Amino acid sequence: MVRHLEADGSRWCIVVADDHRADRAIGLGRHPAPVQYCRLGEGATLLQRALHRAAEMVPSSQVLVSAFEEYRDLWEPSVWFIKPEKRFVSVSPQASQLGVAAAILSVAAHSTSNVITILPARCYVTHERILRRAMNHALAELPGIPEGVVTLGMLDREEGVDEDYLLVGRARVGRGLRVDGFARQPVPWVARHLRQHGALVASGILIGYAGVFAAHISKHWPGVSKKLAQLTAAAVARGEECEIPSVVYKGDPPALPHSLRWRPSAFRQRVIGVCHSGWSGLKSPQSVARMVEFLSNRAEAELNDGIRADEIHHATEEIDATSYGEGDLTRSMNLGGD
């Protein structure tokens, strides 16, 4: 499935804010909250950073968000620029996957050739510029990817904690690397072995054609996909949020909400490797704690470096510049190298 990308009007982003995993009560501030609503280091929350990434990729009118009703007071102030009909709110944890599916189907309803980027809010990135270049590269490569979907696989100097891994190989045709397997949070020694053999950390970032995503949903949730399409159409007509109730899959098998998987091999995709972005999927309390410690140590080191630089600056000011001879001045100017 090879197509040429259209103008920016065909590009959409879905920010996934309702991935709370098992550590729903983890918090970094005074009040416990899922980590995507917290600040790691200075500046914006992780959700706000994800929304900023999305707004840099597509027009703000084409940013959608999936969220969980229980934490409305934490996410609602950050999504003020997203129209209500582009917010997909699940009323229970069991319906969280349905929110992303409904958002996908709403984009596919415009055109199956639209390009969707799915961005997890639950992650931390040290080098935003590297990630941004990688996503733009993936968008450019998408027309040459037969599966119609590509993900990003991360490779960093530091070993991650509790990450998922993609086992990759060279593809015979088309762009990107072939995905040969998926390892869910392997123990540390297995993770090191996988990394040594070229495995990449799974980011959860997916870029692909709306028609490919929608076909995957319809295949696994044939009845539910029709109900979700009706819900999204009604929300658009009313100009209101699309509320996803648990009764959407009422009467279906109990395991149905968990039957939809976006990872290989359940969902065919290629992967593009990204080096040194400083990625962490924050998939467990241990990974969050390690990232907090890393950022704290880095902030302390930067503070110490700033103090030392300030001391050097003041010491330099005390040196009389006229004491340099012409040769000394020339040598001092060349200390930085070429």
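Trainee: Where is the place of Ala 67?
Mentor: Helices (H or I, at least four residues) and strands (E, at least two) are DSSP runs that are numbered from the N terminus. Ala 67 belongs to such a run, one that covers residues 63-68, and its place is therefore in strand E2.

Trainee: What kind of model is this, and how are residues numbered?
Mentor: Residues are numbered from 1 along each chain as its sequence is written, and side-chain values use heavy atoms, with hydrogens and water left out. This is a predicted model, in which local features need pLDDT of at least 70 and side-chain atom pairs count only at pLDDT 80 or more, while totals for chains, interfaces and linings use all residues.

Trainee: Is Ala 67 buried or exposed?
Mentor: Buried means under 20% relative accessible area, exposed over 50%, and partly exposed in between, with a 1.4 Å probe and protein chains only. Ala 67 has a relative accessible area of 1%, so Ala 67 is buried.

Trainee: How many Å apart in space are Ala 67 and Ala 17?
Mentor: In sequence, Ala 67 and Ala 17 are 50 residues apart. In space, C-alpha to C-alpha, the two are apart by 5.1 Å.

Trainee: In which strand is Thr 151 found, and is Thr 151 buried or exposed?
Mentor: Thr 151 is found in a strand of residues 149-155, namely E6. Because its relative accessibility is 4%, Thr 151 counts as buried.

Trainee: How many disulfides does the count come to?
Mentor: A disulfide is counted here as a pair of cysteine sulfur atoms within 2.5 Å. By this rule, the number of disulfides comes to zero.
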